Amino acid sequence: CAASRQAACAAGCIPVPWLCDGEQQCPDGTDEQCGQGGECCTVSSVCGAKKVQCPGTHHCIPHWELCDRHEDCEDGWDEEGCPQQPCLPGQWQCRNRVCIMAEWKCNGIDDCGDSSDEDVCAPCPPGMVRCDEGKCILESLMCNDEDDCLDGTDEPSTCGELGQPHNCFPACSCQVCSARVDIRSGDLYWLAFLRLSCPRTHVSCRDGTECVAQEYMCDGEKDCADGSDEDGCAQLCNTPGQPAPCQSHEYPCGLGACLNASLVCDGRQDCMDGSDEGGNCSVPCQRSCTHLCYPSPQGPRCWCGPGYQLAKDGLSCVDIDECTEWGEGACSQTCLNAAGSYSCGCLPGYLLEPDGHLCKLTGPEPMLLVAVQSEVLSYGLRSGREEVLLATDKDRVIFSLDYDLVERKVFWMDLATESIRWQDLNSGKKGTLVKGVRSDCIAVDWLGRNLYWTDGAAGQVLATRLGAAWQGIPEYTVVMDGDLDQPHSLVLQPLAGLLYWSEVGSHPRLMESSMDGSRQHVLLDQGLGWPTALALDLPTQRIFWLDEKLGGVGSAHLDGTSVKILKLGWVQSPFAAAVCEGQLYWSERKTWSVQQVDKASGKNRTVLFKRHGQPHGLQVPAWGAPNPAVPALLGTNSCAKSNGGCAQLCLPNP
């Protein structure tokens, strides 16, 4: 029996969790009477990371058996406190009890969030096998002493290792090969698996079973199952796919891995190639090191404590400026370097999380506003609570939208009537701001009290007063005209009086100007396809965009420097985007969904919700109502006070 996972029984081997679980699996009952006096022995918990233990017992169940309407724990603990609301007709219930439309099952998209709507689909791709709970895994993960299936069916009792093979069987022309023996039949068989062929933007893990994006190499998180994407990485890499050199308190092994200096010359081979032992290990440390000295096969070496690096003289230590070298990886907002360390801080209105790195908004729960067909929904970014804020006629599609912080009004583009409309969320009153316009994007200047929009066909950016009322005569002005090549997405920075927009014509680019259209300049005109969705992240002073043509997420400082591009396969047809705290949100028209990813790494993609009908406009407003009369809020927006002295429309020029 596999000593770490199985126990001997008269009839063979049983999993260790079956010992003393109140159920007799061995014919002679020895699994329930394993003590010398006949009492049941005490077995330590062996539930892995993918399983949970029934309270008061030694019985382990996989996470997916929680709330599955079947009592898997003897006392029914796994079904206690579960939501009882069934799915509606035409819906399908996921393992996590989320209800999705029945036709979304097996559509190639994880609509449930736990992948159960795709796990049940058959057949598995070539080279993969299906777990009992439905998920497909690589054949190479069978019998590898790890539960890759949530239910453990990839590690049956018939698995048995035949040593640790290093070479392939002569008749096996493969790159990964291992030998197995079937315990019941005694038959010996060989498993051969070809390494995956990774796309150009990805690299293969060492075991050949996975491909990960180059951006995920040396990012401080193990994305390969074998952790090979982080081997040899001492800190965050500046060049994707190129491991960073070892730090001053680490010793470089011959195969590229880094070893803590305290393990060098300790009489044990910790490097795989044994390069940390032998040589001049016996030579005593007599160098004048500023911090510490350690022996090595190459002779004594100086090393520095965490937060420092060895100077060029090889003796002294200098401070590492983590804020500069790590960039966004150090802190989510502000960073203060100190000798040997650093500390993170948050802007007003944010609170530093216990991890000392992330900042979260204080006050009410941040809400996501999303336009889906003829409705505007609000979605709680912490609670997941959904609410319909407003609804129009079903034949009218709500396109782009924005929110006025001061008067709590939602403004949107109505394509059917070619008008920009609004609704007061306090009173429910509705109105029309302007008619005879077609726009891909609108944006509210809540401080200067104007609304801007783009007209891609005409190549213009236009504006009107928020307090305007439609009286049969258009009351708006052309802010920019002439040199714009299909302006599309538009975002504002009211406190600074600045305007940013994307152009998706023959020469895609990101642009910046004052809100009156003056001082136009190119922010970025390289590496762009169709930047169809823009979002500002003011705490970090970065602008984000989603590229429909190139399929990815990009960001840059507001001065156009520090450009970062992430290739993400699930970015297909983005319409609008928003940033809140550490997350990037966007609406996907092709998959009828709203999704989120980590804004810095592009990881942890989640489908927030999916509806019948395409989502379009999307915003994360700050629900507090700032007072424009407070001088601290005026910034450089010259129209914020008394409408800039203008009788009608005032356009800020900082």
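Biologist: What should I know before I start?

Modeller: Residues are numbered from 1 along each chain as its sequence is written, and side-chain values use heavy atoms, with hydrogens and water left out. This is a predicted model: local features need pLDDT of at least 70, side-chain atom pairs count only at pLDDT 80 or more, and totals for chains, interfaces and linings use all residues.

Biologist: How are strands named, and when do two of them pair?

Modeller: Strands (E, at least two residues) are DSSP runs, numbered from the N terminus. Two strands pair if DSSP finds at least two bridges between them. Take S26 (residues 398-404) and S27, which pair in the antiparallel sense over 5 bridges. Here tyrosine 403 stands opposite valine 410. The hairpin of S26 and S27 has 4 residues between the strands, and arginine 408 takes a positive phi near 55°.

Biologist: What does S27 pair with on the way to residue 424?

Modeller: S27 pairs with strand S28 (residues 419-424), antiparallel, over 6 bridges. Aspartate 414 stands opposite serine 419. This hairpin has 4 residues between its strands, and glutamate 418 in the turn has a positive phi of about 50°.

Biologist: Is strand S27 buried or exposed?

Modeller: Buried means under 20% relative accessible area, exposed over 50%, partly exposed in between (1.4 Å probe, protein chains only). In S27 (residues 409-414), 6 of 6 residues are buried. In a regular strand the side chains alternate between the two faces of the sheet. Lys409, Phe411 and Met413 point one way from S27; Val410, Trp412 and Asp414 point the other.

Biologist: Where does the charged end of lysine 409 sit?

Modeller: A charge sits over a ring if NZ of Lys or CZ of Arg is within 6 Å of the ring centre and within 35 degrees of the ring normal. Lysine 409 has its charged end over the ring of tryptophan 422, 4.1 Å from the centre.

Biologist: How many aromatic pairs are there?

Modeller: Rings of Phe, Tyr and Trp (its six-membered ring) pair if their centres lie within 6.5 Å; planes under 30 degrees apart count as stacked, over 60 as edge-to-face and the rest as tilted. By this rule there are 4 aromatic pairs. One joins tyrosine 379 and phenylalanine 609: centres 5.4 Å apart, planes at 40°, so the pair is tilted. These two residues lie 230 residues apart in the chain. Both tyrosine 379 and phenylalanine 609 are buried.
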